[in-house]
Amino acid sequence: MAIFENKQDKTFTLYTKNTMYQMKVDDFGVLQHIYYGKRMEYVDLSYSAWLGVVSFSPNPIDRVNYSNNHAPLELSACGLGDFRINALALRNHDGSLAADPRFYSAEVIKGKYSIPGLPAFYGEEGETLVITLKDSLYDIYFHMYYGVLEEYDLITRAVRIENKSDRSIKLERALSATLDLPNGRYDMVSFYGRHTRERMYERANINHSRLTVESVRGASSHMQNPFVIIADRETNEDYGDAWGMALVYSGNFMVIAEMDHMDKTRVIIGINPENFNYEVPAGDVFCTPEVAMVYSDAGFGKMSNCFHKAIRNNLCRGEYKYAERPVLINNWEATYFDFNADKLVSMARDAAKIGVELLVMDDGWFGNRDNDTTSLGDWFPNEEKLQGTLKSLAERVNNEGLKFGIWFEPECISSVSELYKEHPDYAFKIPGREPQISRWQYILDYSRKEVCDNIYEQLCKVLENANISYVKWDFNRHISDLYSVALPAEKQGEVYHRYMLGLYDLLERITSKFPHILFESCSGGGGRFDCGMLYYMPQVWTSDNSDAIDRLKIQYGTSFAYPVRTMGAHVSVCPNHQNARVTPLQTRGNVAYFGTYGLELDITKMTDEEKAEIKRQIVEFKKYYNLIQFGDYYRLSSPFDEENSLYCAWEVAREDGSEALVCAVRYGQDANSAPETFKVKGLCPNKFYRINGSEEKYLGQALMTVGIRYKYDFFSYPSNLYHITLA
Ligand code: DGJ
């Protein structure tokens, strides 16, 4: 039983395998947050909460010893004395900005809850606790959802706000969760970036000013990721407290961490309140997206593995959830817009010979698109370029022995397109203002059902009329000029979220209509790598930067929350198209193994030697496929830590310690450099192992405690795989 209610203590305690989360309803009905940390036997831990009142912290007239400004709250709201950052700003019908949520009822439900219209973790094996709070004045109910997936130490939260009053209310801020931590000094780890440099690891002290990680771009974005870790100052990969928080949402988001004037830390996470103002009419409801949380008492590594397993097993869906995904070749960097059917077929022919399984035709196959200035929205094949129908091209590729995949950018519209000529109002545009263009394109107003339907029908027509096995769903600009002609002035603050609801609805429809298609999410590389998109598409193009050395940082940062299995990773040519670096082909392969592994190059232009190497890589990748994709993942050294190591190393290991694979890439170049070792993780201490089939046997404990010396090859950017098997 994961959820335990103690009626006498008025506590609710959530248990996962290793963690415990406790709340208590105080004598006045306020739902307090008591504890989130290591699992222990049941005990009412509320003695530890500090509720004192200090000057300038208002208190209710009948409670001189209490202030909302100090209580650890499950639902923090503004207006009634809580001056900290808080999750809820509710404008009542009388114009007041206040909410006073008090306990109303509680219910335990078998299975993990779902949220209508929004992505969420799922699992019949899970449990749900719904605590309903009611405003002390108005008929407004706050259903606090807690989902528990015990096995992965995952606790999810979401709020459903139900307006049972007879007047409309407005939500000016409705975040998914507040997490009040006990006194202590914490850091926040976040993942910033830009195009071709996504999810860079950054760690900052949480001090008395507010630390914010956010996006107001209409997408989760390259610039920040909706995943953060709150950690003790000393926490590292293997040691210390860490609380990971992943928002299951792909639009505007915000995480704020703040240490208040009494040195208590609060974190809030959810939809960004900027340009968010949501009306909940009488009788209606609003659901926040969910946040998934993992607490680890043993550092970041343990936390990451819980997220990886939960995402693989309880977030990703569809036929490719566990199935082996095809090794693909994508023509983007091979040809950009300059291709025709013969070119693609020749690529397919050469690719088939070395074991590639799927060819993806990227941007440029539709309308009149020979560059990025036209045709988004016109999802009909350019039959001149394809030298026939799309169906016939797919057949030609299939005849070479490869599956066929295709690129779309369904949320955007070019100003030069048939769709724009016919429906200029389909694009976001503020009345009287010229809309901002970005990559020559505008954004379609997905808050409108008819716009989504138009695109849905166009996509269906394409996908039904040719043998298509894979879709890359791209999104190459961020949202500005937000305005929907379909909504009145007072509802314009709903458009960002309604856009997301429209997108998610379309994704649900299209992915369930075409269950055999493998969908890969993309947004100018990894601009929308989040748990929201992963619910619909089980892999994401991690970055447009396929340089193996830059990828070390990108994949390292991504790995804190997201499993290897979700990371699109390709081998491309040198000099690299993004940074002109030259790296060994073997290193490019080794790095791409720890992702989906594919090719982003013109195979027809590769030498026989290069083709033979790629053929070898595909065989090797397949050999390790199961271990890499489903093993426990360990970061052994950081690519951001040049002072301590010139190597970036990581590992996957079977949960039972029977097999492991370590990859080490030397990213620094030093003359006369010092020898370095790495310590393996996750082995059985008392068992013996061989490394790459060595004669010599090594004790597990020794490999984990003393380590292995890196093999140093004297050329730029060498890399090595260490396959560790039971002797
Ligand atoms: C951005 C993607 O990340 C690339 O892989 C490619 O598909 C281009 N868009 C095409 O426009």
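The largest cavity has a lining of 16 residues, with Val30, Asn68, Leu73, Leu75 and Pro101 nearest its centre. This is a predicted model, in which local features need pLDDT of at least 70, side-chain atom pairs count only at pLDDT 80 or more, and totals for chains, interfaces and linings use all residues. Residues are numbered from 1 along each chain as its sequence is written, and side-chain values use heavy atoms, with hydrogens and water left out. The ligand takes up the space of the largest pocket.

**Cavities**
- On a 1 Å grid over the protein atoms alone, a cavity is a set of points where a 1.4 Å probe fits but cannot get out; lining residues have an atom within 4 Å of a point.
- The structure has seven cavities of 30 Å³ or more.
- The largest cavity holds about 150 Å³ of space, where volume is the space filled by probe spheres set on points joined across faces, edges and corners.
- Its lining counts 10 nonpolar, three polar and three charged residues.
- Here Ala, Val, Leu, Ile, Met, Phe, Trp, Tyr, Cys and Pro are nonpolar, Asp, Glu, Lys and Arg are charged, and the others, Gly among them, are polar.
- The second largest cavity holds about 70 Å³, and residues including Arg551, Tyr556, Cys648 and Trp650 line this cavity.

**Largest pocket**
- A pocket is an open set of grid points with protein on both sides within 12 Å along at least five of seven lines.
- The largest pocket has a volume of about 400 Å³.
- Its lining has 26 residues, and His195, Asn476, Gly524, Gly525 and Asp544 are the closest to its centre.
- By class, the pocket lining splits into seven nonpolar, 10 polar and nine charged residues.
- Domain 1 (3-314) and domain 2 (328-334 + 350-363 + 374-626) each supply at least three lining residues; the bounds come from an automatic or database domain assignment.

**Ligand shell**
- The ligand is surrounded by 13 residues (a heavy atom within 4 Å).
- Asp362, Asp363, Lys472, Asp474 and Asp544 are the closest.

**Polar contacts and burial**
- A polar contact is a pair of N or O atoms within 3.5 Å.
- A side-chain N or O atom of Asp362 is 2.6 Å from a ligand oxygen.
- For Asn476, a side-chain N or O atom is 3.4 Å from a ligand nitrogen.
- Trp541 places a polar side-chain atom 3.5 Å from a ligand oxygen.
- Alone, the ligand exposes 290 Å², of which the protein buries 97% (Shrake-Rupley method, 1.4 Å probe).

Notes:
Polar contact = N/O pair within 3.5 Å; in protein donor to acceptor, adjacent residues only side chain to side chain. Sits in = over half its atoms within 2 Å of the grid points.
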